[in-house]
Structure formats: C-alpha cells, structure tokens
Protein chains: 2
Amino acid sequence: MKVKEIMDKEFIVVSLDQNLVEVSKKMEKYKKFATPVVDDQMRLVGWVTSLDVNRGFRDGLNKVSEIMHSNEAIIHLHENDPARLAVLKTSKHKLVIIPVLNDERVVVGVVRAFDIVETLSKLYEIKVYKIFEIMSKELKGVSWDELMEAAAIITRRRTGQRVTAEEYERRIKKSTFGEAIWATGGLEKFFVGLIDIGELVIARKVARARK
Amino acid sequence: MKVKEIMDKEFIVVSLDQNLVEVSKKMEKYKKFATPVVDDQMRLVGWVTSLDVNRGFRDGLNKVSEIMHSNEAIIHLHENDPARLAVLKTSKHKLVIIPVLNDERVVVGVVRAFDIVETLSKLYEIKVYKIFEIMSKELKGVSWDELMEAAAIITRRRTGQRVTAEEYERRIKKSTFGEAIWATGGLEKFFVGLIDIGELVIARKVARARK
C-alpha cells in the first residue's frame, strides 16, 4: 500500500501573503489544525498550524509568511512512499497531519493521524469466526463442532471461565481479530490460544484414528 | 487492553476564567491542539481547541468560558473502557485528542491519535520470528529446528519455492507480521500457512512418539 492510497485529497491550502484572520477562518471552517502554504503552482513553501496563528494574533502579526515554518523544517511524504512510512513518521514525530508531495514538490494530499488509525484498525477487522473457518477447512478430518468444543475447553483452561461450545461460537461470530488481540492482551497471547486449540483437536483426531 | 494503558498522562489543563493569551501560550509551549477545561477538582467542565482560541482572538473575547465547548458536546473515554473504543471514536469522529475520565469525571489522561497509531503499528510490527517462538514454546516436545524444517517444507509445498530451514529462519527474523500478511496475500492465507506448519510438526511428533 502506498501513501497516495491512504492520503486525504480534500485538504486546504493557504498562500504566503494571505492575512491571518482569513487563514484562521478557513482553518476553523474546515476544522484543520494545520495547513500547507503553497505557491501559485501548488508547490509546498511552508507550513502553518493553528498554534502558529495564535502566536501571530498575540504578537500582532498579519501575514502567513510571518508565522510559517519554512520549507526545510517540514516533515513530508512522497505520494509513492510506502504507507508504512506514514505510520512511522506519524508515531515517531507525534504528528497530526503530514503533507504529501509529488516529484514536482506539488502538494497532492495530506495524511492525517486518524486516517491511519482507521486504515490500521480495518486490517484487524476480520472476524475471528473467519479464522476458525480457515482452521476447520485446513485441518482435514476435524469438524466444526469438534473445533468449537476444543476452543471451549482451552478457554476454560486458560481463563477459568466456563463457556460452552455454542457460546464460544456465538462470541467469535461477533468479535473481530482486532478485538481479540486487544482482549487477550496482544497478538502473542491470541496465537498461544489458537495453537493450543489446534493442538487439542489434532490430538483428539489422532486418538480417534487409533481406536 | 484498557484506555488507561494507552493514554498520555502528561496533558495540560486550563480553567474556566483563564485568559486566552495565557491559554494560547500554554498550548503553544506544550504543542497541544486541544485541552480539557477543568474545575478546581480536575473534573471536566469544557473543551478548548486551538481553533477556538483563534476564534476568540478574532472576536475580541477574553476568557476560556467564552470560547469553550460545553460538557455535553465533549466526546470522551472512561479510563476502564477497552482500548478498542479509543480506536473507534478516533476514526469515527476524526479526532486528534480525546479526554479520559474516571468515575468522578476527573480528567486522568488524554488519548492522542498518534499514540494509537504507535500502539496499532506495534501490533503490526511484531516480528514473524516471535510468532514462531511462541509456537515452539507452546507445542511442547517440538524443537525450534523441527519447526523451521516443517516451515520450509510447507513453504515449498505451497509456493513451489525451494527454501531451506536456515533460509526460512533468516527470512522470518527480518520480516514483520504486517509484511507477512502482504506477502502471503492476507491474514487468512498467513493463518493457513501457520496451521499447516503446526499440523505437520504435530504429526511428526506423534509419529516419533509411536516408534
């Protein structure tokens, strides 16, 4: 996935000689905490946050050029950068919004922290149920009911919680992979549970075959 | 995981009758685009963003109480809410920062979008190697070398790619869960591979036990 696939194209821009009252109204109208400053060809020349505008008002300044961060100081992304870079820059530099440029330094979008949150969380939105369906299909000779039975047993063992196979099935139909990770305390713990379940159904299958 | 485990405790607060110049300087100093407004017992009574401060300056207002969002309008979290709720509220309402309250409505922290990005990406950034370490630990009686051997066999079977156990080990030491998902073509396929590997090592273990 590339930066251009997760960037927001509905961004605002301001120009060097725009006055602060105007800029402040625009930022408020579109609810933007920061905006790129561009030249007449949409190339990035500066960066202004709402905190800069506040300082401008306090100090009696008038123009964007008087309050903006200059070009060199702006952390930005290229539209063809891997999306992962947007994630890393956002969390490393604690950013709310990052401008995205093309080869000509034209601003083509912005990446916002909450958009990344949405993208990342979607990756985890697959239903746990689906994962068990895959297990059931892969582990030939193990029925769905046997899998649910084993899952209920492992859950009881690990949490002390008495849960029936039916309850377990109902639960995983509702919950997502993301929820399961958060609930069990991380990917590692979720895997441990899955492995235990897998091991149990296979052991039971082998035992059955021996009879 | 709970909200209190991912929230930032180094937040700033302002009070109802604080003047805007002071508030604006504080927000700039600590680089905060928004801040809770609290009473003398740290209970949430309002919410102010840097855009509100801008509007206040434009309109010649003086005090926090004149520009703040009132209590009812503030999207907030409880410290014991599941962390997933912070993710959902951030992406649904496109928020940059959310106040976290305890039972007494006291502000105990804030959740910031970029902190969530960091937490989510960490889940995603876990090394595939780590997942195999967990498998090896959970599947008692299966050695690390047996696991790598099985993984190489399954990879050969599924992709036709001839890979040795050593090569496989080197590969998973470098790649992350996120990369593996993209490489295998999705979470489902990644799981299928893991299940196959697990099944193979268990079958081999059982066969060995029989001898």
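Guide: Let's start with P36(B), which stands opposite W47(B) in β3(B). This is a predicted model, where local features need pLDDT of at least 70 and side-chain atom pairs pLDDT 80 or more, while totals for chains, interfaces and linings use all residues. Residues count from 1 along each chain as written, chains are lettered from A and ligands numbered from 1 in written order, and side-chain values use heavy atoms, without hydrogens or water.

Strands β2 (residues 34–38) and β3 (residues 44–49) of chain B run antiparallel, joined by five bridges. (Strands are DSSP runs of E, at least two residues; helices are H or I, at least four, all numbered from the N terminus; pairing takes at least two DSSP bridges.) In chain B, the open sheet has four strands in the order β1-β2-β3-β4, with mixed pairing. Its edges are β1 (14–15) and β4 (69–70) of chain B, each with a single partner strand, so one side of each has no neighbour in the sheet. Helix α3 (residues 50–58) of chain B packs on this sheet and touches β3 and β4 of chain B, its direction making about 75° with that of β3(B). (Axes are lines fitted to C-alpha atoms, for helices over the stretch in contact, with angles from 0 to 180 degrees between N-to-C directions; contact means heavy atoms within 4.5 Å.)

Now look across to the other chain. Helix α3 (residues 50–58) of chain A packs with helix α2 (residues 20–29) of chain B at about 140°, their axes 10 Å apart. From α3(A) come L51(A), N54(A), R55(A) and R58(A), meeting V21(B), S24(B), K25(B), M27(B) and E28(B) of α2(B).
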